[in-house]
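This report looks at charged contacts, nonpolar cores and surface charge in the structure shown below.

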Amino acid sequence: MRRVLISLYLVICIVTVAIGQELLTVKRAVEIALENNYDIQLSKNELLVAKENKTYGNAGMLPSATADLAQNNSVQNATQIQNSGVERSLDNARNNNLTYGVNIGWTIFDGMGMFARYEKLQELEKQGDLQLKRTILATVGDVITLYYTIVEQQNLLSALDSSILISRERLRTAENRFSIGKAAKLEVLNVQVNLNEDLSAHLRQVETVKNLKTMLNGILARDLDIDFIIDTEVGIDESLVYGDLLERADLFNPDLQIIILNKKLAELDLKDIKSARYPTVRLNGGYNFSRTESSLGFVAHSNSRGLTYGLTASVNIFDGLNQRRNERIAKIQIDNAALQIEQQRLAVQTGLKTAYETYLTNIELVKMEEKNEDIARQNLDITLAKYTIGSISAVEFRDAQENFINAISRFNAAQLQAKLSEIQLKELVGQIDF
């Protein structure tokens, strides 16, 4: 009967506290983070920049057009001696020249460098997308980790609530036994000290839960004072298979995919550098107006207008061996990128293997600690009944009570560690679900 009343009291307390608070599920927490988190928003903007940069014009494939105007004036003291021997001079002679028009230039061949640059811009957009996925993956992992940490601490807080109720019941029993002369005052004082310890531990645990909720609100980028209740059930995916995880990690691990993409970028850099070995051919054209005025000269005033066009070609013959140096450096960068791919692949495989072993161990610990909690609970019920009839001491009962709290704490910790192992594995393979 007493156990039923305690359970009913806890339910009433939980319902009372929950009034006016939102139920925040792990799925909803992830959705809020995807909408609000600043790291994700910054990564999205970086991706938008990469998309804006991916244009033919940025790669140098389109013509350029400019409107030009030039006005040159001079005032000089001039002297001229003509072929006939006649000398002419003029002080403050004015010379004016005005030119304006529209000019177009278009590089039609640069050793295929423009195509390499455009392909590089495409790869940079893919890199921005991978960076965004990596940021989302890390943020989702942080949210889920912190959420289930709150679950662990909230479950422990509930256990402390139960312990306080039991300690209050112990105190009432001890006071009744003292009042009828079946217990000494010392027993009452010991029970009071135990109750105060439980209350102190409860206050510290309340602070821990509040701080964790504040941290989660921070990751969700929302008001830090928002309070919420959580789903305290911890579902652990026990179906993960190492071989499947290893295969998926090679295909989807974001860090590995970014390094593979870096090798592609290094290869495109080499193509762009090699294009300098070939001629650069450029078409030029325009329509210009020109007016010239001269105070002293054979022509006092002239006007012209019309179309200009032509073609220019240039090729690098010798640049101090810089072309050769740049190509050799680019090849070294490609070799480094290949080494980094193998290095990252080995790091992923190492992390995956150790994380999987930890995952298996934690699942077994969850099963064992769940049994221990059930045993500790039964032991507490039996001890409480014996203490009530006075067949055991308060010290023996306190030991059973502490064992119960410790068993709950270990079970919650085992659940959290198993869940964190699962999250770590899924983060390594680049596919977190919830």
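## A network of salt bridges

Which residues are linked in a network of salt bridges? In this predicted model, the network links Glu-197, Asp-198, Arg-398 and Glu-402, while the structure as a whole holds 25 salt bridges.

## Individual salt bridges

Glu-327 pairs with Arg-277 in a salt bridge whose closest N and O atoms are 2.6 Å apart. Because Glu-327 lies in helix α8 and Arg-277 in the loop between α7 and β5, the pair ties together parts that are 50 residues apart in sequence. Glu-327 is buried, at 7% relative accessible area, whereas Arg-277 is partly exposed, at 48%.

In the salt bridge between Arg-410 and Glu-369, the closest N and O atoms are 3.2 Å apart; Arg-410 belongs to helix α9 and Glu-369 to helix α8, so this pair ties together parts 41 residues apart in sequence. Within helix α9, Glu-422 and Lys-426 lie four residues apart, about one turn of the helix, and form a salt bridge with closest N and O atoms 3.0 Å apart. Glu-422 is buried, with a relative accessible area of 4%, and Lys-426 is buried too, with 5%.

## Nonpolar cores

The largest nonpolar core has 24 residues, and those touching the most other members are Leu-24, Val-143, Ile-144, Tyr-147, Tyr-148, Leu-216 and Leu-220. Helix α4 gives the most to this core, with nine residues. Apart from it lies another core of 22 residues, including Leu-384, Phe-397, Phe-404 and Ala-407.

## A positive surface patch

Lys-274, Arg-324, Arg-328 and Lys-331 form a positive surface patch, to which helix α8 contributes the largest share, three residues. Arg-328, found in helix α8, counts as exposed at 51% relative accessibility.

Methods
Residues numbered from 1 in each chain as written. Predicted model: local features only at pLDDT ≥ 70, side-chain atom pairs only at ≥ 80, totals over all residues. Heavy atoms only, no water. Patch = residues over 30% accessible without salt bridge, like charges linked within 9 Å, V, L, I, M, F, W, Y side chains within 5 Å. Areas by Shrake-Rupley, 256 points an atom, 1.4 Å probe, with all protein chains shown as cover. Salt bridge = Lys/Arg side-chain N within 4 Å of Asp/Glu carboxyl O. Lys, Arg positive; Asp, Glu negative; His and termini not counted. Charge placed at Lys NZ, Arg CZ, Asp CG, Glu CD. Helix = DSSP H or I, 4+ residues; strand = E, 2+ residues; numbered from the N terminus. Buried < 20%, exposed > 50% of the residue type's maximum accessible area, 1.4 Å probe, protein only. Core = buried A, V, L, I, M, F, W, Y, C linked by side-chain atoms within 4.5 Å.
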